[in-house]
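Look at the model, then follow the questions.

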Amino acid sequence: VTHSIPACIGSMTINSKQLDNESPVSIFAVNKCYVTVQDGTFFDGSGFAALVREGYKVRSDVNITLEFRTTVAHGVLLGVSSAKVDAIGLEIVNGKVLFHVNNGAGRVTATYEPRGTNSLCDGKWHKLQANKSKHRISLIIDGNLVQTDNPYIQSTSADTNNPIYVGGYPADVKQNCLTSKSSFHGCLRNLVLTKGQQAEWFDFSRAFDLRGVFPHSCPGAEH
């Protein structure tokens, strides 16, 4: 077993002596336990999850689906970039969801603006689908479709070869299709990237770098 257990552990004794888990000598990626827990991965607003160390190739087509839950109006959801300008990015800015794509000729953005200012940041689960098909991009939030015109119709491939950063990214990493540096605070679940018929589901506990991210448990209420 190479990854930690997604669980709460309490009242541990060794040789009849109870361990003091309130003041540990050292601590890494251990959070509070929750009175009520939901499926999902908790992002505490300080970090990110890094997936696909060898680099993810977006190229001409990708379909991203995920569910998010937050009460904060700003935060990075996902970014895949390259050393050049090619990149894709998903973020929440001022309570709107933005999907940016740059196939090399220039950035194009699909923006979903909810009717109510805080309606996406209400602490409830929302479904997101972002689709890039050559030069066409679209965004579907809770079944509501947003499409945008792309003036760069000859440019169809986002030639990325960097990791997928979810919920934020390190300070020394360039992201060409994200405007926000704010890490996501809330919960994410069911992240799937599909290319053609090939769907890939991502388990955050298998990320190669996790900072401020707690896989498999999302607080309903903190304890």
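Q: What makes Arg-189 partly exposed?
A: Its relative accessibility is 23%. Buried means under 20% relative accessible area, exposed over 50%, and partly exposed in between (1.4 Å probe, protein chains only). So Arg-189 counts as partly exposed. This is a predicted model, where local features need pLDDT of at least 70, side-chain atom pairs count only at pLDDT 80 or more, and totals for chains, interfaces and linings use all residues. Side-chain values use heavy atoms, leaving out hydrogens and water, and residues are numbered from 1 along each chain as its sequence is written.

Q: Why is the contact of Arg-189 and Glu-67 called a salt bridge?
A: A salt bridge is a side-chain nitrogen of Lys or Arg within 4 Å of a carboxyl oxygen of Asp or Glu. Here the N to O distance is 3.1 Å, so the pair qualifies.

Q: What does the pair of Arg-189 and Glu-67 tie together?
A: Arg-189 lies in strand E14 (residues 185-195) and Glu-67 in strand E5 (residues 61-70). Strands are DSSP runs of at least two residues, numbered from the N terminus. So the pair ties together parts 122 residues apart in sequence.

Q: Is Glu-67 buried or exposed?
A: Glu-67 has 11% relative accessibility, so Glu-67 counts as buried.

Q: What makes Asp-203 and Arg-206 a salt bridge?
A: Their side chains meet at 3.7 Å, N to O. Asp-203 is buried at 16%, whereas Arg-206 is exposed at 57%.

Q: How many salt bridges does the structure hold?
A: The structure holds four.

Key
Helix = DSSP H or I, 4+ residues; strand = E, 2+ residues; numbered from the N terminus.
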